[in-house]
Structures are given as structure tokens and as C-alpha cells.
Amino acid sequence: MADSIMSKAATMEIPINSNGDTGTLTEDDSLEQDLQQVMVSGPNLNETSIVSGGYGGPAGGIIPTSSIKGSLNQNTNSTEEVSRGVAVEKLDSVKKWGINTYKCTKQLFSEKFGRGSRTVDLELEAQIDVLRDTKSKYENVLRLATALITHFQSMVQTQQALGDTFTDLSQKSPELQDEFGYNAETQKLLCKNGEALLGAINFFVSSVNTLVNKTMEDTLMTIRLYENARLEFDAYRSDLEELSLGPRDAAAMVRIEMAQQDYHIHREKYERLRSDVSIKLKFLEENKVKVMHKQLLLFHNAISAYFAGNQQQLEQTLIQFNVKLKPPGSDKPSWLEEQ
């Protein structure tokens, strides 16, 4: 009797589910059941957790994936905001450039067809025209001087070859040894003086080239910026004048105020560049006179001394103007450069 009661109590303590299985499952059975549920219905990412300590580890090692997903969403949103801000800035820049180009093109055509007015500084523009004309003439001097160097260098090389030939013939012709020897020495002396004159002309060309293609070109670059600023200034000035002649409602007043701001900005830019051009033209004129005075004197003295046959004066001219001659063969490429 007691045994039956004990067995009945033990039986009542074990719960039975609807399938007749025990409610307390082993660890392997529970894992298998979870896997079957995932294969049938798919994982629920919102409720999924990452276990850092392995299956069945402590609860402290469980990291909910919802927190990771939220941090990823925040990073994505911040990246999108940055990209959107850059795109907006680029769009605004393109918009401003388009409006400025339209206004300047409109002003340019108005000036071309005589329908628009332009700001004129007669004194400054006269100086600019003189500079452009001077640069053109100096460029012609450079072309002629370079051609002179080319032709004269050919003559010097011919004199050198002729002197070497006379020297060779003087050794092989005993009956004309003295005559060939005199001519050989004369050609070698002319060749030496010709190289000195070439050094002086090369120095002249180098200095004038620096003046024309660096100093003058730098000033002309500033002048081009000044002319662009003048066109922009006149474009925004004309736009402000047109708006001032129109209606004076609230919207028009806002546009007039914005046009006045643009007008003042471009006027300041125009006046600043006009001042820069005036200063550069002044210093350029002083530098041009100083450089050309020295170079023209060098050119004259060297040419005169060479054709007068005054070797001593030619050498003194080179020393006076600190002209250093290149050693013979320095212009020839090295063996490595020829390979």
C-alpha cells in the first residue's frame, strides 16, 4: 500500500506534454528543437542575441543584436547627412557660378553691341596698352637675337673647322707651312672672340627673356584678373540699376538688397585689383629701364669690340657685366644622356 502511494506521488511530479513527452528536456533535445524552429520559420533578428561565452554560457555574455543594428543605423545616417551636405554645397557653388557667368556674358554682349556701359580708367588702360605693345616688340627682339645666335654660332663652328684644317695642312705641306699656320692662328683667334661674343649675346637674350616672359607676364596676369573683375563689377552694377528702376514691393526690395550686397563685394574686388595693377605697372617700368639699360650697353660694347678686332676690350666687357663663358663642350650631352 505504501509502495503504491509512493509510486503514484512520483508519477504525479513528472509533467507530461501533449505529445506524451516529458516537459524537462535535455540540453541536446532543446538545441535540436531550436534548430528545427529556425529552419521552419527563419531567425527573428529582432530577438536574436550573440552569446560571447558559448552556448549555455552566463547571461552577462549575451549581446542583443538590436543594439548593434541601432549603432549601424546611426553610422549610416551620419554618413548620409555628410554626403548630403557636400552635395548641397556643390550644388550651391554650381548655381552661383552659373548666375555669375550668365550676368557677365550678358554684360559682355551688351558692351559689344553698344547697349551697355562699362567702367573706364583712361590712364590705367593707356598704360596697359603700352605694356602689351612693349611686350610684343620685346618678343620680336628676342626672336631676332635668337636667330643671330644661331647663325653666328654656325659661323664660329665653321671658323673652328677651317682653323683645324689649316693646321693639318701646315703640317703636311712644308712649302706652305707658314701661310697655312698664319691662317690657322687667325681663324682660331676669330673663333675665340666669336665664342666670347656668343656668351655676351646669350646673356642678353636670357635677361630679356626673363623680363618679358616672367616679369611682364606676371603683370599681365594681374591685368587679366583686373579685367575680369571689371566685367563682373559692371555686370552686377547693371543688374542693380535694372532692379532699382522696377517695382518696389516687398519681394523686389529683398532682391534689391541682395543686389546691393553683391555690388559692394564686386566693387571692392575691382578697386583692389585696380590698385594692384597700378603698383605692378609702376615697379615694372622701373625694373624694365634698369634691366634694359644694362643689357643694351652690354650688347653694344660686345658687338663693337668684336667687329673692331679688339680682343682686350671684348674681354673687359665680359668682366664688367659679369658674363661667364661656358667651357668648350659643355653644351654637348654626356655619354649617359646619349644612350
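What percentage of the 339 residues of the chain count as buried? In this predicted model, the share of residues that count as buried is 25%. The chain holds eight helices and two strands, and, when it is read along the sequence, these elements follow the pattern α-α-β-β-α-α-α-α-α-α. Among the contacts in the chain with a separation of 6 or more, 73% are made by residues 24 or more positions apart.

**How helices H5 and H6 pass each other**

- Two packed helices are described by the angle between their axes and the distance between the axes.
- For helix H5, which spans 177-244, and helix H6, which spans 250-307, the axes come within 7 Å and cross at roughly 165°.
- Because an angle over 145 degrees counts as roughly antiparallel, this crossing makes H5 roughly antiparallel to H6.
- The crossing in which H5 passes H6 is left-handed.

- Threonine 222 is found in helix H5, and it counts as buried because its relative accessibility is 9%, where the cut-off for buried is under 20%.
- The side chain of threonine 222 is joined to that of lysine 280 by a polar contact of 2.9 Å.
- When its neighbours within four places in sequence are left aside, threonine 222 is in contact with Asp276, Val277 and Lys280.
- Tyrosine 236 also lies in helix H5, and with a relative accessible area of 8% this tyrosine is buried.
- Although tyrosine 236 and tyrosine 263 are 27 residues apart along the chain, their C-alpha atoms are separated by 5.5 Å.
- Not counting residues up to four places away in sequence, tyrosine 236 touches Asn100, Lys103, Asp262, Tyr263 and His266.

- Phenylalanine 152 lies in helix H4, which covers residues 122-172, and it counts as buried at 8% relative accessibility.
- Beyond the residues up to four places away in sequence, phenylalanine 152 touches Gly194, Leu197, Leu198 and Tyr306.

- An α-helix has 3.6 residues a turn, so residues three or four places apart point the same way.
- In helix H7, which runs over residues 311-320, the buried residues are Leu314, Thr317 and Leu318; seen down the axis of H7, these buried residues fall within an arc of 95°, so they line one face of the helix.
- On the other side of H7, the residues Gln312, Ile319 and Gln320 are exposed.
- The cover over the buried residues of H7 includes helix H5 and helix H6.

**The loop after H7**

- Just after H7 comes asparagine 322, which takes a positive phi of about 60°, and this is a positive value in a residue other than glycine.
- Asparagine 322 has its place in the loop between H7 and helix H8, the latter covering 335-338.
- With a relative accessible area of 54%, asparagine 322 is exposed, since the cut-off for exposed is over 50%.

Key: Residues are numbered from 1 along each chain as its sequence is written. This is a predicted model: local features need pLDDT of at least 70, side-chain atom pairs count only at pLDDT 80 or more; totals for chains, interfaces and linings use all residues. Side-chain values use heavy atoms; hydrogens and water are left out. Buried means under 20% relative accessible area, exposed over 50%, partly exposed in between (1.4 Å probe, protein chains only). Helices (H or I, at least four residues) and strands (E, at least two) are DSSP runs, numbered from the N terminus. The arc is that of the directions from the helix axis to the C-beta atoms. Contact means heavy atoms within 4.5 Å. A polar contact is a pair of N or O atoms within 3.5 Å; within protein, one must be able to donate a hydrogen and the other to accept it, and residues adjacent in sequence count only if both atoms are side-chain atoms. Axes are lines fitted to C-alpha atoms, for helices over the stretch in contact, and angles run from 0 to 180 degrees between N-to-C directions. Angles under 35 degrees count as roughly parallel, over 145 as roughly antiparallel, 65 to 115 as roughly perpendicular and the rest as oblique. A crossing is left-handed if the near helix is turned anticlockwise from the far one by less than a right angle, and right-handed if clockwise.
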